[in-house]
Amino acid sequence: MAGISCYSPSLISSRSTLGSSLLFVKYRGGVVTGKPLRRRAFEIKAEVDFVNADEAKKLVAVEGYAVLDVRDKSQFERAHIKNCYHVPLFVENTDNDLGTIVKRQMHNNFAGLFFGLPFTKPNPEFLQSVKSQFSPESKLLLVCQEGLRSAAAAQKLEGAGYDNIACITSGLQTVKPGTFDSVGSKELQDAGKAGLVTIQGKISAVLGTVLICALLFVTFFPDQAEQILQMVPSS
């Protein structure tokens, strides 16, 4: 057809000030503006690895992971992995405002008494303390007693740019004796046990023994048992 020539158009990309690109098609006689070419930003985000105790031991022994213990001071002192680092996610709350005093008293009368748990608050220097000891490229195995605090710490460190993080699923309470070399007066799996719950079993055993002895006494010595009951003053 007259007036039409075969010409291969060339593509010219022009960057705009908005971070996208405009597509221009050049042909004989002028330029046709096309649709913008949008640039997509792809971000690869590392995920925290949750491993069992045996897998955690391999990470430390084979892959060179450093162990970072995020438990409070009391649990750490009862038992911790040898040569680990300690940066608590929570620290003891010694504030003396009225609200804190009331909360601390309520805590000490229940969780503190029965489970030996200290009254704590988030450690405001947690991230800074970790950054002062480890670079973002460091391989870190985070540990706590039940697995909750290590998962929370992993989330904080991941947000701060740490990519090589692992946690023990359900924490040190799942670690069998001998899995890691440990330091302290207890086994790693028992470091969270304190307060009255630690003697609950002993109390139950004593009461059970007393009841069994009383039952045997009544069974084999009914006359003597009746005389003893008669000695008890009636109300």
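Of the 235 residues in the protein chain, 26% count as buried, where buried means under 20% relative accessible area, exposed over 50%, and partly exposed in between (1.4 Å probe, protein chains only). The model is a predicted one, in which local features need pLDDT of at least 70, side-chain atom pairs count only at pLDDT 80 or more, and totals for chains, interfaces and linings use all residues. Residues are numbered from 1 along each chain as its sequence is written, and side-chain values use heavy atoms, with hydrogens and water left out.

The protein chain has eight helices and twelve strands; helices (H or I, at least four residues) and strands (E, at least two) are DSSP runs, numbered from the N terminus. Contact is defined as heavy atoms within 4.5 Å. Among contacts between residues at least 6 apart in sequence, 62% join residues at least 24 apart.

**The parallel sheet**

Five strands form an open sheet with parallel pairing, in the order S4-S11-S10-S5-S7. Two strands are taken to pair if DSSP finds at least two bridges between them. Strand S4 (49-51) and strand S7 (85-86) stand at the edges with a single partner strand each, so one side of each is left without a neighbour in the sheet. The table lists pairings within this sheet.

| Strand pair | Sense | Bridges |
|---|---|---|
| S4 and S11 | parallel | three bridges |
| S5 and S10 | parallel | four bridges |
| S10 and S11 | parallel | four bridges |

Individual residues show how the strands are placed against one another. Phe50 has Cys167 as its bridge partner in S11, and Asp49 stands opposite Ala166 in S11. Leu141 also stands opposite Ala166 in S11, while Leu140 stands opposite Ile165 in that strand. For Leu68, the bridge partner in S10 is Leu142.

Strand S10 is mostly covered, with four of its five residues buried. Strand S11 is likewise mostly covered, four of its five residues being buried. Helix H1 lies across S4, S5, S10 and S11 and runs at about 120 degrees to S4; axes are lines fitted to C-alpha atoms, for helices over the stretch in contact, and angles run from 0 to 180 degrees between N-to-C directions.

**Nonpolar cores**

A nonpolar core is a set of buried Ala, Val, Leu, Ile, Met, Phe, Trp, Tyr and Cys residues joined through side-chain atoms within 4.5 Å. The largest such core has 19 residues, of which Ile81, Leu141, Ile168, Leu172, Val175, Phe180 and Leu188 touch the most other members. Two or more residues are given to this core by each of helix H1 (53-61), strand S6 (79-81), S10 and S11. The largest share, three residues, comes from H1.

When neighbours within four places in sequence are left aside, Leu188 is in contact with Ala79, His80, Ile81, Gln145, Leu172, Val175, Phe180 and Ser182. Apart from this core lies another, of 18 residues, among them Ala66, Phe134, Leu157 and Ile165.

**Helix H6**

The twelve residues of helix H6 (residues 148-159) should span 16 Å at 1.5 Å a residue, and its end C-alpha atoms are 17 Å apart, which agrees. The expected span is 1.5 Å times one less than the number of residues in the helix.

Within H6, the buried residues are Arg149, Ser150, Ala153, Ala154 and Leu157. Seen down the helix axis, the buried residues of H6 fall within an arc of 140 degrees, so they line one face of the helix; the arc is that of the directions from the helix axis to the C-beta atoms. An α-helix has 3.6 residues a turn, so residues three or four places apart point the same way. On the other side of H6, Leu148, Gln155 and Gly159 are exposed.

The buried residues of H6 pack against strand S5 (66-69), helix H2 (73-78), strand S8 (90-92), helix H5 (126-133), strand S10 (139-143) and strand S11 (164-168). H6 is followed by Gly161, which has a positive phi, near 105 degrees.

**An exposed loop residue**

Thr94 is placed in the loop between S8 and helix H3 (98-109). With a relative accessible area of 53%, Thr94 is exposed. Thr94 and Arg104 are ten residues apart in sequence, and their C-alpha atoms are 8.9 Å apart in space.
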